[in-house]
Amino acid sequence: MIGMKKESHHDILSDHVETDKHVLDGVKSAPGFRGDVVLAEADDRALDSEICRRVEEVCAPKAIASRHVEGKLQLTLDKGKCIMCGLCEEAAPTLFDVRNGFAQPVKRRLDLVVVGQPDEAPGELGESHEDLGKRLSGKIKKILGRSLAIREVDAGSCNGCEVEVAALNNAIYDIERFGVHFVASPRHADVLLVTGVGSRNMESALKRTYDATPDPKVVVAVGACAASGGIFGDTYASSGGVGDIVPVDVYVPGCPPRPEALLYGLLLAVDRIK
Amino acid sequence: MTAGVVRVHQGAANRRSNLFDRFRETVSVRVLNWNEVHVDLRSKEDIPQLCLYVRDELKGKLATVICSDERRSTGGFVLRYVFGIGNGEDVFVIITARVLQEDSASPTSFPSLALVLPAATVYEREIKDMFGLIPEGNPDIRPLTLHEHWPEDVFPLRKEFELRTKVAKAQDRGYMFLKVEGEGVSEIPVGPVHAGIIEPGHFRFSILGENIVNLETRLFYTHRGVEKLAEGLGLDQVILLSERISGDEAVANSSAYCQAVEKVAGVVPPPRALQIRAVGAELERIYNHLGTLAGMSTDVGFAYGAARLNILKERMMRLNEEVAGSRLLFGVNRLGGVAVDLSPEKSRLVKETADSVLADFNRMVKLLRDDSSVMDRLRGTGVIGPDVAAEMGIVGVAARSSGLDIDTRRDHPYGAYRSITIAPHYDTPRHLVEREVEMATRRGDVLARFETRVEEVVNSVNMVGEVLFNLDGSTELLVPVPRENLKPFSHALGYAESHRGQTVHWVMVGEEPDTLFRYKVRTASFANWPAIETAVLNDIVADFPLVNKSLDLSYAGNDL
């Protein structure tokens, strides 16, 4: 973004302009980007039941919970539910920090739940999409030989995640150059990239898509909805996460996760193919 | 906003309320929230008569049909037919009728409008699924929101239904698609899982050779229970929910919701906040139109154009990230104002980025227009004629491409749009005539929708420039929305023009403080989806993705 300002006179029709620049610069996320929410360093005295009640109340997807452990109040933050709205930081700036990196994708659902301790999430984006992509491409070559085929399934999302998954294919992220491509049928896929709450009306379609995918297969749950139902929760219409319908191997938190987070999630997914 | 504006609105609505004098025996009329004329019917049997009167005599356009379960407070279900009247007078006419439940054994019904007002068909089917009221006389009462595996006696929006109920699956009754029979006719089922990175929906084509003889859409796969969910959330939290009705129209939907609540509370956000809302809405329009045009380029097989347009979209999304901290502009709106400010540096960044994107966009449009392989695919494909468009009540880009000159930003100006020049601006007789000719020549095909979108990208960039130039100097971004102003069961309409078209949100405040009794959402997609079934008739199957993309419909926004 910063680099772009200087050369605003480039021409979209000429070659290399945009893509080369971003590859060389790496992409930085904006200072105010809400990519991750973490528990801030706070001494115990700051935590009273009043403030806990307030942050629990303000959190729409109920990602924040407090409980008494050995007589002390302890906060837990479930990043699988968090929709990165930042309202908790506004309500209690001493307890929460919103960072502009992205919440780290994980292999186990429980790893998304942060208990008590502030976690060591990087404040910055860390690796650029270029470095992530190169690592991904190396891993794909080693484990799969050549390429990784992904089938995307929307199981009841708001289409925010679709926008970001589609962005992986634009000329800047250009995921195909790392050997990753989106395929038209689950029968051609190694990975199912599943978004959405796992809506009741999509349940059987998702199951059938999973069954149609040949082994070995890996399921990546994209976004807060796929991990837990997100703001839509667990209701008559939503199953509260796609994990109830198909086995999930990798969780990518975020609402929606930015393309770099998706790349990181795919890195973990390739690990799962053995 | 000055008190003057409020007075003007009240005036227009009051003038309109006289028009129901001839029905004095059967209705009572009151004006609410500046521009809502509420016409309360004594009997539900008068619904067709009054609705047709509003459509034919007052030139009202059906904006939404709202049902709410008010059995506990008023003894029945209440139906509200909302008509928007543009024509220079910003008025909504709301026909209200009570549907009493006579006895719990027989189903409760209301007279259907489907045969005389086709746009009402889907609303009636939705009401039947969610409330269990039977639209008497609607020939199509197949399930809509709740698919075939839902038991027939489950009505999620009734008050006695608990949000978290897990309903056991009933035996799949199967969906009755219209069967086309004859020599050489075959069927192609597509979806709900599609080949591309798009949302789920099922399409059933009947084809003769390559030509589409009939298309039926089966949607609501992404039904997440948004409206029911809102009844259990706090008012501030519903903003987050409204942003996620359809992720790519976050600003439009949350603006409409906020306006509805602000109307009930009788507060007006500070001018600067309204301007920032408008900037957000136009940025949203720009990045989505760029994405849609890129998609259309893909669907005609012109990958070069798609790749370049997607670069422009990505640039706009990075700008969104800088402005709002979210690539999809989540988190712009708050009740009573906005959460993000546009500092002079940010304003400059917005202006410079939007201008440079526009310069590049113009180069791209020239390239696309000069390419006959692109233009030939667009011309004459997926036609929605003006009559069909009007009958079906379609909105937004699709309506404007079919020659209906409607735009909520102009017909029902809200927020900062009261003072923004909504391009194309025409105030001289010559311009008016030119515009009329322009609208009359729009054929409602994919090419028309392409050109409308191109025009709107240019206009939106200019509007962003204008707003930033006139940005109010005060730093105030939020006014409190006093919860004590929100009386139980008071209600209001909020509306906005998203990049897809008019989105209408209706809120009724709940009895408990800081809750909603009912939140009814109708996005542009819900109004426009039925039109695709006629748009593709006689086109070839291979053109379907193109027609679909040119209409740019949201599944999530439709399914809620």
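Which strands of chain A does helix H6 (residues 160–167) lie across? Helix H6 of chain A lies across strand S6 (148–154), strand S8 (191–195) and S9 of chain A. The model is predicted.

- In chain A, 5 strands form an open sheet with parallel pairing. Their order is S7-S6-S8-S9-S10.
- Strand S7 (180–182) and strand S10 (250–252) of chain A are at the edges of this sheet. Each has a single partner strand, so one side of each is left without a neighbour in the sheet.
- On average, neighbouring strands of the sheet are turned by 25° against each other, direction ignored.
- Strand S9 (residues 218–222) of chain A pairs with S10(A) in the parallel sense, over 3 bridges.
- A:Val222 stands opposite A:Val252, which belongs to S10(A).

**Helices on the sheet of chain A**

- Helix H6 of chain A runs at about 145° to S8(A), one of the strands that H6 lies across.
- Helix H9 (residues 259–272) of chain A also packs on the sheet, where it touches S6, S7, S8, S9 and S10 of chain A.
- The direction of H9 of chain A makes about 175° with that of S10(A).

**The two domains of chain B**

- The domain assignment divides chain B into domain 1 (3–116) and domain 2 (252–549).
- The C-alpha centres of domain 1 of chain B and domain 2 of chain B are 27 Å apart.
- Domain 1 of chain B gives 15 residues to the contact, and domain 2 of chain B gives 17 residues.
- On the side of domain 1 of chain B that touches domain 2 of chain B, strand S3 (61–70) and strand S4 (76–85) each supply at least two residues.
- S3(B) provides the largest share of that side, 6 residues.
- By residue class, the side of domain 1 of chain B that touches domain 2 of chain B has 6 nonpolar, 6 polar and 3 charged residues.

**A helix pair in chain B**

- Helix H8 (residues 271–299) of chain B packs with helix H18 (residues 544–551) of chain B at an angle of about 175°. The axes of the two helices are 9 Å apart.
- This angle makes H8(B) roughly antiparallel to H18(B), since angles over 145 degrees count as roughly antiparallel.
- From H8(B), the contact is made by B:Thr292, B:Gly295, B:Met296 and B:Asp299. From H18(B), B:Pro545, B:Leu546, B:Lys549 and B:Ser550 take part.
- The contact of H8(B) with H18(B) consists of 3 nonpolar, 3 polar and 2 charged residues.

Definitions and conventions:
Residues are numbered from 1 along each chain as its sequence is written. Chains are lettered from A and ligands numbered from 1 in the order in which they are written. This is a predicted model: local features need pLDDT of at least 70, side-chain atom pairs count only at pLDDT 80 or more; totals for chains, interfaces and linings use all residues. Domain bounds come from an automatic or database domain assignment. Two residues are in contact if their C-beta atoms, placed from the backbone, lie within 7 Å. Helices (H or I, at least four residues) and strands (E, at least two) are DSSP runs, numbered from the N terminus. Ala, Val, Leu, Ile, Met, Phe, Trp, Tyr, Cys and Pro count as nonpolar, Asp, Glu, Lys and Arg as charged, and the others, Gly among them, as polar. Two strands pair if DSSP finds at least two bridges between them. Axes are lines fitted to C-alpha atoms, for helices over the stretch in contact, and angles run from 0 to 180 degrees between N-to-C directions. Angles under 35 degrees count as roughly parallel, over 145 as roughly antiparallel, 65 to 115 as roughly perpendicular and the rest as oblique.
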